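Here is a short report on one protein chain.

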Amino acid sequence: MKWDTLEEEPCSLARTVAVIGDRWTLLILRECFLRVRRFEAFQSSLQITRHLLSERLKKLVRFGILRRVPYSETPKRYEYILTQKGLELYPIIMAMVHWGDTHMGDERGRPLLHEHKSCGKLFDPVMVCSECGEVLHAKQVHVHAGPGRKEASLETT
């Protein structure tokens, strides 16, 4: 696989990595889910160069993850808002946050706590089967070739 052509690979993970697979893009997405919207706010929070931030935001807009919405005419300024496609990245971001909380934390504890608005409880994100609702673990999943795969066979885990 070549980095420049990942988005063309017959692999959903490779195509996703082509869009969100660098550290700055993931941190920009974190900020979006924390309701940061404006260029200056991203730059201030992340301490990223204007050039890098501009490039990453353009890419996220190009792939339909963010949309640019003007908030000022003079000078022309934009907010970056998550689209539905972008909002659907939330489970990925939360899974990474949970992994970081579990494996990369220190004695101070979690830097952020997440509260479910409906029940008011703090929670840990979990992945469940869409069919039966049971919590999923890697060793309990079998992988099969799908219609979008080039090769007809795939070894299962």
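The text below goes from the whole chain to single residues.

**Basis.** This is a predicted model: local features need pLDDT of at least 70, side-chain atom pairs count only at pLDDT 80 or more, and totals for chains, interfaces and linings use all residues. Residues are numbered from 1 along each chain as its sequence is written, and side-chain values use heavy atoms, with hydrogens and water left out.

**Overall fold.** The chain holds six helices and two strands. Helices (H or I, at least four residues) and strands (E, at least two) are DSSP runs, numbered from the N terminus. Read from that end, the order is α-α-α-α-β-β-α-α. Along the principal axes, the C-alpha atoms fill a box of roughly 55 × 40 × 30 Å.

UniProt, in an unreviewed entry, places "domain: HTH hxlR-type" at residues 11-108. UniProt positions follow the numbering used here, feature names are shortened, and annotations may be inferred rather than shown by experiment. Over residues 11-108 the chain is 60% helix and 13% strand. The end C-alpha atoms of that stretch are 39 Å apart.

Domain 1 spans 1-88 and domain 2 spans 91-157. These bounds come from an automatic or database domain assignment. The C-alpha centres of the two domains lie 22 Å apart. Nine residues from domain 1 and eight residues from domain 2 make the contact, meaning heavy atoms within 4.5 Å.

| Between domain 1 and domain 2 | Value |
|---|---|
| Buried area | about 620 Å² |
| Share of buried area from carbon and sulfur atoms | 77% |
| Salt bridges | zero |

A salt bridge puts a side-chain nitrogen of Lys or Arg within 4 Å of a carboxyl oxygen of Asp or Glu.

Which element gives the most to the side of domain 1 that touches domain 2? Helix H2 (residues 23-33) does, with three residues.

**Backbone details.** The peptide bond from threonine 74 to proline 75 is cis, with omega near -5°. Proline 75 sits in the loop between strand S1 (66-72) and strand S2 (77-82). Arginine 35 has a positive phi, near 75°, in a residue other than glycine. Arginine 35 lies in the loop between H2 and helix H3 (39-46).

Definitions and conventions. Buried area = accessible area lost by both parts, 1.4 Å probe.
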